[in-house]
Amino acid sequence: MAQQLDSNLTKAEQYLAKYRNQTLGHYIAGEWSLGSEGETFENLSPTNNESLGKVVKGSAEDVNQACLAAQSAFTEWAEMSGSERKKILHRLADKIEERAEEIALVESMDCGQPLRFMKQAAIRGAANFRFFADKSPEAKNGLSLHQDNHTNYTVRTPIGPVGVITPWNTPFMLSTWKIAPALAAGCTVVHKPAEFSPLTAAILAECAEAAGLPAGVWNMVNGFGEVAGKALTEHKAIKAVAFVGETVTGSMIQAQGAPTLKRVHFELGGKNPVIVFDDADFERALDAVVFMIYSLNGQRCTSSSRLLIQSGIKPKFIEALKARVENIQVGHPLDPATEVGPLVHQSHYNKVLSYMDAATEDGATIAVGGKAIDSFGNGNYLTPTLFTDADNSMRIAKEEIFGPVLTCIEFESEEQALEIANDTDYGLSGYIWTSNTGRAMRMASKVEAGMIWVNSENNRNLPSPFGGVKMSGIGRDGGDWSFDFYMETKNICIAHDTHNVPTLGKL
Ligand code: NAD
């Protein structure tokens, strides 16, 4: 394994050399630029907190240039036939696949996610483009709605230039998930990637360029949320904002976009319950519980960060869980053996570590982990953590920690499980483990969440709707739901010339 790590590090260095030695800029109107003000920030690797290079801190003027570019490219892109757009987007997917190894290695070094998961980043990113490319020719099709004397039909048109703002947890996949449907619908895009992990967004822009996407159709501006992100959400040319990130940022974006009446689509935070009943398939439930909080460093919006465990199965389940969590391999993200890597940034790392004190202060037990690890040098490493003896009033049960940290809460009955599951401001996803079909159906309809998985971990299907309720989001992505967001629906009503037109002023 050490040999494999060395070889991965050598390859990663080759790909990273061009960032270490230069300043990463914006991609606006088909050109790479260093922005109007020349200000930069250091992009640090979570593996050792050393710089991966400088990145331009986008100004409001840089964002303005990108929005104007998206505006002037809009009509031609929107009027291009869906089948032509489909060809370009498939070419883009080809380019992503050609650079799959580079995307995986760069993404792992930039955001700390283990390579074993990031190997999928390019494959899933390309799949997002192919799925929406295939839907592009039908995007404009609407419904036919008949009445006796009239026929109504609807058509859809792309809403205009849109802003896409993404977080750092799985940056490449999430960017493609938002940008692919926007482009397939006929919208032009200004993308603001997360400042903690900007590198693969640049690779994505290079893939778009290589695929022959016309200049201005996709623009990318680096920088901080409070300046570049804010300017994007306030710009008049931008008709809608697709945002993935924290709930509190979503509220700010809604306020910032209000004066220009922005349409918004929000995929926000979660504190998702996994509810394991006494009659669950023990081994499958255990595998899923471990996977859904300790994979992707626990930095996953749909992670099941609250385990609700029924009292009958609890002692045996917690013992087995402890053994598994103690065994999880923490290490360098490029080591193939690594299951949990370093957290994205020191500020986030310190936030996650602060919950260790919060747990003990509130009366929970740190059954496993809870410590920073310094044996890998100066990276943001910590031990996978398991909190037991918790109740739902504690901070570790209420707040989104967004790390490899699981809070276990005991329940007695179905009613109590439901009450605890829904006692949260969030409502993104929920997971139910039981062999009783009736109970699964009752729980699935009553747990307040946008997505429920029964006897499964998060298993994605691109045509299915993805999104949250309560403070976890507004709107749905996936399938035709994405086009509903990126397009306007127009109703056209045609008379059959059989009805009486009302007459006024006629003698
Ligand atoms: P964040 O909200 O801090 O930042 C996300 C993006 O918003 C970044 O690009 C940032 O620069 C930008 N931003 C910040 N302030 C802004 C402002 N005032 N105006 C415009 N843009 C602004 O989120 P994060 O810490 O990068 O990501 C983690 C969060 O993302 C977690 O809460 C997680 O649950 C959530 N998330 C949700 C989903 C989902 O599908 N529901 C998926 C992934 C991540």
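The largest nonpolar core has 106 residues. By nonpolar core I mean buried Ala, Val, Leu, Ile, Met, Phe, Trp, Tyr and Cys residues joined through side-chain atoms within 4.5 Å. Buried is under 20% relative accessible area, exposed is over 50%, partly exposed is in between, with a 1.4 Å probe and protein chains only. Phe129, Val276, Leu307, Phe317 and Leu321 touch the most other members. Domain 1 (10–268 + 468–491) and domain 2 (273–454) each supply at least three residues to this core; the bounds come from an automatic or database domain assignment. A separate core holds 30 residues, including Met394 and Val447.

Ground rules. The model is predicted: local features need pLDDT of at least 70, side-chain atom pairs need 80 or more, and totals for chains, interfaces and linings use all residues. Numbering runs from 1 along each chain as its sequence is written, and side-chain values use heavy atoms, without hydrogens or water.

Contact means heavy atoms within 4.5 Å. Beyond four places in sequence, valine 276 touches Leu307, Phe317 and Trp433, among others.

Next, glutamate 267. UniProt, in an unreviewed entry, puts an "active site" feature there; such annotations may be inferred rather than shown by experiment. Glutamate 267 sits in strand E12, residues 263–267; strands are DSSP runs of at least two E residues, numbered from the N terminus. Is the residue buried or exposed? Buried, because its relative accessible area is 5%. Its side chain makes a polar contact with that of tryptophan 177, at 3.4 Å. That term means N or O atoms within 3.5 Å, one able to donate a hydrogen and the other to accept it within protein; sequence-adjacent residues count only if both atoms are side-chain atoms.

How values were computed
Helix = DSSP H or I, 4+ residues; strand = E, 2+ residues; numbered from the N terminus.
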